[in-house]
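Open the model in your viewer and keep the sequence panel beside it. This tour goes stop by stop, with something to select at each one.

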Amino acid sequence: MLQSVIDHLSLAAEDVVSLQRDLVALPALGPINGGQGEKDKADYLLGYLTRIGLTDVQEIKVPDNRVPCGYRPNIVARIPGQDTSRTLWIMSHMDVVPAGDESLWNTPPFELHRDGDLIFGRGVEDNHQGLVSSLLLAKALLETNTTPAINLGLAFVADEETGSGYGLGALVEDHGHLFGPEDLFLIPDGGAPQSDLIEIAEKSQLWVKATVTGKQCHASRPHHGINSLRGVAALILELDQLHELFPDNDPLFSPPISTFTPTKKEANVDNINTMPGRDVVYIDSRILPGIAIDDVLAAMQRIGDQVADQYAVSVAFQVVQREDAAPITHPESDIVTRLKKAIKQIYQVEAKPQGIGGGTVAAFLRRKGYDAVVWSTLMNFAHQPNEQASISHTLKDAQVMACLLA
Ligand SMILES: [Zn+2]
């Protein structure tokens, strides 16, 4: 029965193009990005869902007085399965990022451009591709009168690009009744060109600001001051100890270790003949789940105290951003097992469950105990000029989604 859905989808290339053409022309930018939110795009999608015959459609409006309509729209639509106790959710986001420097685009960013199998425009990959795959799967089920084994649930959410507080975050926190403990969650918003990357885990993310204070003075009389640049230089090198203090290795992740990377250095003095008395450096850490962030912060402080003693400076740490890792989706969980099998069937590749450095919306679901995976077939042009997507990948990804419903 699903074979007829798969066959149907293989003929839907023109549907991909026409949907993408309409979606690209409705840029949905969040207010932080200078836009008016997702209302126009959501209204278009509500109309489309009605036209293809979907009846169980709900719009959840999350209040936001920064946009003219006063809310951020989230759409939830369902097609019942034979077993109605369980739902495969496919969650995509409607918002996009700004075009950026338009002179870097070969064609206007908010007009769809097609070249053979490729389509170009802001949002075509992030996240229209996944959205269109799921929408065409729903359409194919309805047009072939196919009742899937389990329910299909589509969620089109707002605000993914600026924090998800008005999107998936709000759905999970305030509308948790939508989701059942046995439901399966696929987020088609990340992946590899060969279709073989299934993201199931994330590291904790910790951004720290370190301020080293000494005493500024004229560089010709350095003994009158305390050089903060020597202190911060020592600190940067000593913080490498963190790799030895937290040596765990987890092959699920790439890279398999925790990383502690000095990144940004603030400017200190303007002139060459002043010895600086204050220096600031930032450290980006990606920490394997299972390691307590508080232990890392304590170790940083101990290293800072040693440097302070040795160089007669003071060293202060401040957390700029902290995201403790969500529980992982088990590599043997039902959604991962089904997805590996489906990818094998449609793409003939062995996909590998993997952890990444951090930062997907799957964490919202995993924190609530749901098994969520991030997967799709992407060329990874998100947020770039000349963002592009493949029509054939869009359809094959939809076929993979169809197999998950068996
Ligand atoms: Zn995205």
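In which loop does Asn145 lie? Select Asn145: the residue lies in the loop between H4 and strand E6 (150–157). Helices (H or I, at least four residues) and strands (E, at least two) are DSSP runs, numbered from the N terminus.

A word on the ground rules. This is a predicted model, in which local features need pLDDT of at least 70 and side-chain atom pairs count only at pLDDT 80 or more, while totals for chains, interfaces and linings use all residues. Residues are numbered from 1 along each chain as its sequence is written, and side-chain values use heavy atoms, with hydrogens and water left out.

**Stop 1: two positive phi values**

Stay on Asn145. Its phi is near 50°, a positive value in a residue other than glycine. Most residues other than glycine have a negative phi, and most peptide bonds are trans. Asn145 counts as exposed, at 69% relative accessibility. Here buried means under 20% relative accessible area, exposed over 50%, and partly exposed in between (1.4 Å probe, protein chains only).

Now jump to Ser195. Ser195 is not a glycine, yet its phi is positive, at about 70°. Ser195 sits in the loop between E7 and E8. Is Ser195 buried or exposed? Ser195 is buried, with a relative accessible area of 1%.

**Stop 2: the whole protein**

Zoom out. The C-alpha atoms fill a box of roughly 85 × 45 × 40 Å, taken along the principal axes. Colour by secondary structure: there are 11 helices and 17 strands. Of the 406 residues, 53% count as buried.

Next, colour by domain. The assignment gives domain 1 (2–202 + 327–404) and domain 2 (204–323). Such bounds come from an automatic or database domain assignment. The C-alpha centres of the two domains lie 40 Å apart. Their contact takes 12 residues from domain 1 and 8 residues from domain 2. Contact means heavy atoms within 4.5 Å. Among contacts between residues at least 6 apart in sequence, 79% join residues at least 24 apart.

**Stop 3**

Asp126 lies in helix H4 and Asp189 in the loop between strand E7 (184–187) and strand E8 (197–202), so the pair ties together parts that are 63 residues apart in sequence. Asp126 counts as buried, at 7% relative accessibility. Asp189 is partly exposed, with a relative accessible area of 21%.

**Stop 4: cis peptide bonds**

A cis peptide bond joins Asp126 and Asn127, with omega about 15°. Asn127 lies in helix H4.

Then go to Ser254 and Pro255. They are joined by a cis peptide bond too, with omega about -5°. Pro255 is in the loop between helix H7 (241–245) and strand E11 (259–265).

**Stop 5: the nonpolar cores**

Select Leu137 and Leu152. In the largest nonpolar core, of 92 residues, Leu137 and Leu152 touch the most other members. A nonpolar core is a set of buried Ala, Val, Leu, Ile, Met, Phe, Trp, Tyr and Cys residues joined through side-chain atoms within 4.5 Å. Helix H4 (residues 124–143) gives the most to this core, with 9 residues. Both domain 1 and domain 2 supply at least three residues each. Apart from this core lies another, of 21 residues, including Ile60 and Leu168.

**Last stop: Asn33**

Select Asn33, in the loop between helix H2 (13–24) and helix H3 (39–51). Asn33 touches Val96, Pro98 and Thr162, not counting residues up to four places away in sequence.
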